[in-house]
Amino acid sequence: MNAWYEPGTSVLHRSPAGVKFLVLLALAVVIFVLRSPVWLGVLCAAAVAGYAVARVSWRRCWGLLRALGLLVAVVFALQWWLLGLEPAVVVCLRIVAALAAANLVTVTTRVDDLVAAIERGLGPLRRFGVRPERLGLLVGLTLQAVATLTGIAGEVREAAKARGADRSVVAITVPFLVRTLRHADELGEALAARGEGDR
């Protein structure tokens with residue numbers, strides 16, 4: 001579950017996994033509440049600065065940028081058509097800030113460490129019927145999915161560009177959906193092998 005982790009010695013790498021998760025949760029709430037393009041832009045800039053602080057490789061940053069570019073372009077066009085320019089800008093800034101922050105946590109944190117931190121934090125709730133190990137696994141898989149889908153989007157776009165079909169919505173959307181469904185199927189099989197579906 002650490003395929004997207006990029007080893008490093010930065011302050012973000014050394015920060016406790018639980019702290020990073022709590023900051024990510026707080027950031028998600030702020031992103032959801034904010035409606036100002038200016039402040040959302042500030043959060044996007046802060047996320048970008050985080051990659052610089054963590055000294056994430058340019059290759060990884062470029063892959064995220066390409067994947068986000070495709071997603072944001074499609075969402076922006078649809079939102080602009082349905083709701084207008086400013087709502088479209090707000091929605092896209094929220095997407096960029098949230099996904100960039102989640103991906104940054106994934107890149108600088110071993111998912112196993114994050115899952116363990118969540119399990120420890122929720123341990124006292126076990127007496128109330130809460131299953132910390134299942135919630136920890138869910139969070140770990142969710143963050144891993146962000147990185148995985150980002151990677152798939154970038155690879156699909158590159159493949160379409162190599163065929164000269166990078167402007168075709170069908171040439172990008174169909175392979176992306178197929179690969180996403182295949183990934184979901186493989187993930188389901190892996191969870192079944194662990195016996196998660198039987199509990």
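How many residues does helix H4 have, and how far does helix H4 reach from its first C-alpha to its last?

## Helix H4

In this predicted model, helix H4 covers residues 58–83, which makes 26 residues, and spans 35 Å between its first and last C-alpha, a value close to the 38 Å expected at 1.5 Å a residue.

## On either side of H4

Just after H4 comes glycine 84, whose phi is positive, at about 115°. The loop between H3 and H4 holds arginine 55, which also has a positive phi, of about 55°, although arginine 55 is not a glycine. Arginine 55 is exposed, its relative accessible area being 55%.

## The packing of H3 and H5

Two packed helices are described by the angle between their axes and the distance between the axes. For helix H3 (residues 37–54) and helix H5 (residues 85–108), the axes come within 9 Å and cross at roughly 20°, and because angles under 35 degrees count as roughly parallel, H3 is roughly parallel to H5. The crossing of these two helices, H3 and H5, is left-handed.

On the H3 side, the contact is made by residues including Pro37, Leu40, Leu43, Ala47 and Tyr51, while among those on the H5 side are Glu86, Val89, Leu93, Arg94, Ala97 and Leu104. Taken together, the residues of the contact of H3 with H5 divide into 15 nonpolar, 4 polar and 2 charged.

Conventions
Residues are numbered from 1 along each chain as its sequence is written. This is a predicted model: local features need pLDDT of at least 70, side-chain atom pairs count only at pLDDT 80 or more; totals for chains, interfaces and linings use all residues. Side-chain values use heavy atoms; hydrogens and water are left out. Axes are lines fitted to C-alpha atoms, for helices over the stretch in contact, and angles run from 0 to 180 degrees between N-to-C directions. Helices (H or I, at least four residues) and strands (E, at least two) are DSSP runs, numbered from the N terminus. Angles under 35 degrees count as roughly parallel, over 145 as roughly antiparallel, 65 to 115 as roughly perpendicular and the rest as oblique. A crossing is left-handed if the near helix is turned anticlockwise from the far one by less than a right angle, and right-handed if clockwise. Contact means heavy atoms within 4.5 Å. Ala, Val, Leu, Ile, Met, Phe, Trp, Tyr, Cys and Pro count as nonpolar, Asp, Glu, Lys and Arg as charged, and the others, Gly among them, as polar. The expected span of a helix is 1.5 Å times one less than its number of residues. Buried means under 20% relative accessible area, exposed over 50%, partly exposed in between (1.4 Å probe, protein chains only).
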